[in-house]
Amino acid sequence: MIPLSEARRHVLDRVPVRPPVDVPVAEALGLVLAESVTATEAVPPFANTAMDGFAVRAADTEGAPVTLDIVETIAAGHAPTVEVGPGQASRIFTGAPMPAGADAVVMVERTAALPATDGDGEWVHVEIEVPVGNHVRPAGDDLDIGAVVFEAGAVLSAAHLGVLNSLGVERVSAHPRMKVGVVSTGDELVEGGGALAPGQIRDSNRRTLLALAAQAGCDVVDLGIARDTEAEITAAIERGVAECDAVLTSGGVSMGDIDLVKVILDRIGDMRWMQIAIKPAKPFAFGLVDGTPVFGFPGNPVSSMVSFELFGRPALRQAMGHISLDRPMVLAVADSELRRHADGKIHFARVVASHGADGRVHVASAGGQGSHQLGAMAAANALAVLPDGEGVAAGDDVEALLLDELPSALRLTGR
Ligand code: AMP
Ligand code: MG
């Protein structure tokens, strides 16, 4: 057996970052920027009002209440045409440009508009004194011209995309998504919901691995099921290598005679078969076929998922330019005991994690810990990392890898 760290280093050393491409911002969610972005415009592009109200000269409000002559109404999207002179004001709506002459806004709630007694125009009664700049958003208040807005390495979130659009940036240089093909191997596997012949089971790994790769930000290609023959598995892997940037297989990498994936990867690629000091997911094959990484995950459903988390996801993210490769780890409190026997391996226990009232993350066993028990894996949202030894008692601290969102008793709208 080799240590987990060595196996990960072997894989990560062989999956390089993909060279950047030019990507439309509309398709860039989740991608990693390859070059920094500099603002070539100011945001906002002009000084504008943060409130509905009246644009005034602040000096005119001294000794308020005062009454000012309304000279114009300015809505968002429209340019002011009249300068605000002494004793004057313009009615203005949120987002509209500040008119020349005005240097402050009085919110509408602190004013009253009055028709002029002589029927000529309109006046506004201003109740309060306001300082220069009141409720005014200066040009460049959000982003200044010339400022580095995002550094290379930034992961483009919804807000990032909005910022890029607000700057008029249409394309960015980013590391492209990996296109990942997924194939299941095994004579026992069938697809869909028909009757099962003796000895058959339904393929679950392919759906799960396709979903995990998609969640990791990859484009995915379903390569189907390959029977346990050299010809079928070779054809599926070769198709994957031709069409994709990485191939994920499951099954056929353990010690048995018909574990063909490792035999084939050895023949057609530069493969290393590993027995890793972890449970589940001890066997793992990794090879480069014509330079394309092929991940040979074990067949047991939980093992293939754990193997993806430990090797597949970090390698795919590395290729897509991410600096942070793994899911977040937390130091949690074990609410149930998580026992194990010393066997030289790190164990990954399927646990349900949640935010406790004490501000800490708490974990409890998600149920059956067999590597075939996908039900408990589905119930889990974290893997507790149990170093070699006897495991942890209830109440002990334990490190956990968070796979999904954590439920919390706190509610946005209160109790
Ligand atoms: P293997 O690694 O091929 O020896 O398979 C180990 C175990 O995982 C066996 O019980 C297989 O039937 C099961 N298995 C392999 N592939 C899949 C799959 N795609 N879906 C569900 N179970 C599988
Ligand atoms: Mg098999």
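The exercises below work through one arginine, a group of aromatic rings and a ligand site in a predicted model.

Residues are numbered from 1 along each chain as its sequence is written, and chains are lettered from A and ligands numbered from 1 in the order in which they are written. In this predicted model local features need pLDDT of at least 70, side-chain atom pairs count only at pLDDT 80 or more, and totals for chains, interfaces and linings use all residues, while side-chain values use heavy atoms, with hydrogens and water left out.

**Exercise 1.** Describe the surroundings of Arg91.

Step 1. The relative accessible area of Arg91 is 18%, so Arg91 is buried (under 20% relative accessible area, with a 1.4 Å probe and protein chains only).

Step 2. List the contacts (heavy atoms within 4.5 Å). With neighbours within four places in sequence left aside, Arg91 touches Gly53, Phe54, Ile70, Glu72, Thr73, Ile74, Ala113 and Glu122.

Step 3. Look for a polar contact (a pair of N or O atoms within 3.5 Å; within protein, one must be able to donate a hydrogen and the other to accept it, and residues adjacent in sequence count only if both atoms are side-chain atoms). The side chains of Arg91 and Glu122 make one at 3.1 Å.

**Exercise 2.** Classify the ring pairs Phe284–Phe297 and Phe286–Phe295.

Step 1. Apply the criteria: rings of Phe, Tyr and Trp (its six-membered ring) pair if their centres lie within 6.5 Å; planes under 30 degrees apart are stacked, over 60 edge-to-face, and the rest tilted. The structure has seven aromatic pairs.

Step 2. Phe284 and Phe297 are stacked, at 5.8 Å centre to centre with 20° between the planes. Phe284 is in strand E21 (residues 283-289) and Phe297 in strand E22 (residues 292-297), so this pair ties together parts 13 residues apart in sequence. Both Phe284 and Phe297 are buried.

Step 3. For Phe286 and Phe295 the centres are 5.1 Å apart and the planes at 70°, so that pair is edge-to-face. Phe286 and Phe295 are both buried.

Step 4. Ring pairs join Phe284, Phe286, Phe295, Phe297, Phe308 and Phe311 into a cluster.

**Exercise 3.** Which polar atoms of the protein lie by ligand 1?

Step 1. A nitrogen atom of ligand 1 is 2.7 Å from a side-chain N or O atom of Asp203.

Step 2. A polar backbone atom of Ser204 is 3.1 Å from a nitrogen atom of ligand 1, and one of Gly299 is 3.1 Å from an oxygen atom of ligand 1.

How values were computed. Buried < 20%, exposed > 50% of the residue type's maximum accessible area, 1.4 Å probe, protein only. Helix = DSSP H or I, 4+ residues; strand = E, 2+ residues; numbered from the N terminus.
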